[in-house]
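The sequence and the structure are shown first, and selected features follow.

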Amino acid sequence: MDKILFLALIVLLLVPCRNAEPKFSPEFEGLGELENLDVEGNGEEEFEFLELPSWESDRASKILVNVDAFGAAGDGTSDDTQAFVNAWKQACSTPKSVLLVPEGRRYLVNATRFTGPCADKLVIQIEGTIVAPDEPKNWDPKNSRNWLDFSNLTKVLFQGGGVIDGSGGKWWAASCKKNKSNPCKGAPTALTIDSSSAISVKGLTIQNSQQMHFVISRSNSIRVFNVKVSAPEDSPNTDGIHITASTNVILQNCKIGTGDDCISIVNASSNIKMKTIYCGPGHGISIGSLGKDNSIGIVENIVLDNAFLRASTNGLRIKTWQVIFLSPESSIICTHILILVHLRTEGKSGFCREDLVMCVQYATKM
Ligand SMILES: *[C@@H]1O[C@H](CO)[C@@H](O)[C@H](O)[C@H]1NC(C)=O
Ligand SMILES: *[C@@H]1O[C@H](CO)[C@@H](O)[C@H](O)[C@H]1NC(C)=O
Ligand SMILES: *[C@@H]1O[C@H](CO)[C@@H](O)[C@H](O)[C@H]1NC(C)=O
Ligand SMILES: *[C@@H]1O[C@H](CO)[C@@H](O)[C@H](O)[C@H]1NC(C)=O
């Protein structure tokens, strides 16, 4: 398994995947539209407050909210959940605050919802490690699918050299993918950004998640730079970055190696730009699955510009469920797929699971 795929490709695609009569036929403007979708600079110009070199050089005007000041022990074994909750309340309600998770320490934090709206210009500076309790049996059933869940935020910057560690080992062992006699149950996502807009995430490492590592859902204008995601190749369903019902998302310079898709993009997502993505080990970059139970699934305007795939079972794939009753008006439609600069590869560019229809068309190759 040491295949190296080098994908230098730009894909623009529209995937209405449905069993009803397609109502969806936007004009395809080809290359002109592609250029507009390309990632210019690093996308930060849209957020004035991000132009500050870092929170440190601007300390005077920032209010530091250190989790240690709220009683966090940072020893990796004491329960720091309440300290994080209290620090969040303070930081969220104070303009220009920096919620600091200090370097060199490990903070054990239970499943927690960090909800906005917050006061202006919140920075979440993670330098240390935030670690999840490792025992699935003690997990809070009210948060069965979430560990660190951030929602309803606007203009928030997450940054730092720190680590978010899901301690997923026991969850993986309890997965039905590992042992057929285990029940098939969903496990938590390590980091979720939900119902939010104008969010930047820079430099963090997310690792060993219980299931998916980083989910972006129901959000708009999200920038992810220099984020690293890592989990063992045999950890089940540990997608790297999963995008659902979100628009205007840029993922840039991310290194992702897990046991499932590096990036997956599902229903109701559009204007997603991925630039310089290092993927592997893993299952590649996926659009879908779409169309389960004859549902409508639409993913539009996806650009992938430079991906380096190593030990990846696939390159880019579009996964659609089979439509059971096919008629001329009811079908899976993949249109406007444009690939510029094709693969230099010994690997595969697509792969189907038995229950999925592979849907990849190469309209243009250059
Ligand atoms: C964190 O989870 C543990 C284990 O379920 C529980 O005993 C503890 O009370 C939780 N901490 C908080 C602050 O809820
Ligand atoms: C989200 O924020 C808006 C204000 O921006 C508020 O009205 C709404 O109640 C919040 N929703 C939740 C679920 O917290
Ligand atoms: C699978 O799980 C069952 C029941 O928990 C256990 O008895 C068995 O040893 C496990 N098999 C493997 C290969 O771990
Ligand atoms: C897909 O997204 C559309 C638009 O948000 C929604 O109406 C539809 O129910 C979604 N389909 C599924 C299967 O969730």
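## Strand pairing

Two strands pair if DSSP finds at least two bridges between them; strands (E, at least two residues) are DSSP runs, numbered from the N terminus. The model is predicted, so that local features need pLDDT of at least 70 and side-chain atom pairs count only at pLDDT 80 or more, while totals for chains, interfaces and linings use all residues. Residues are numbered from 1 along each chain as its sequence is written, and chains are lettered from A and ligands numbered from 1 in the order in which they are written.

Strand S10 (residues 146–151) runs parallel to S13, joined by five bridges, and Asn146 has Thr189 as its bridge partner in S13. S13 is also parallel to strand S16 (residues 214–217), through four bridges; there, Thr192 is partnered by Val215. Six of the six residues of S13 (189–194) are buried, that is, each has 20 or more other C-beta atoms within 10 Å of its own, with C-beta atoms placed from the backbone.

## Cis peptide bonds

The bond from Gly116 to Pro117 is cis, with omega near 0 degrees. Pro117 belongs to the loop between strand S7 (112–115) and strand S8 (122–126).

A cis peptide bond also joins Gly280 and Pro281. Pro281 is in the loop between strand S22 (269–279) and strand S23 (285–290).

## Positive phi

Asn253, not a glycine, has a positive phi of about 55 degrees and is placed in strand S20 (residues 247–257). Asn306 has a positive phi of about 75 degrees and lies in strand S24 (residues 297–310).

Conventions: A residue is buried if 20 or more other C-beta atoms lie within 10 Å of its own, exposed if 12 or fewer, and partly exposed in between; C-beta atoms are placed from the backbone.
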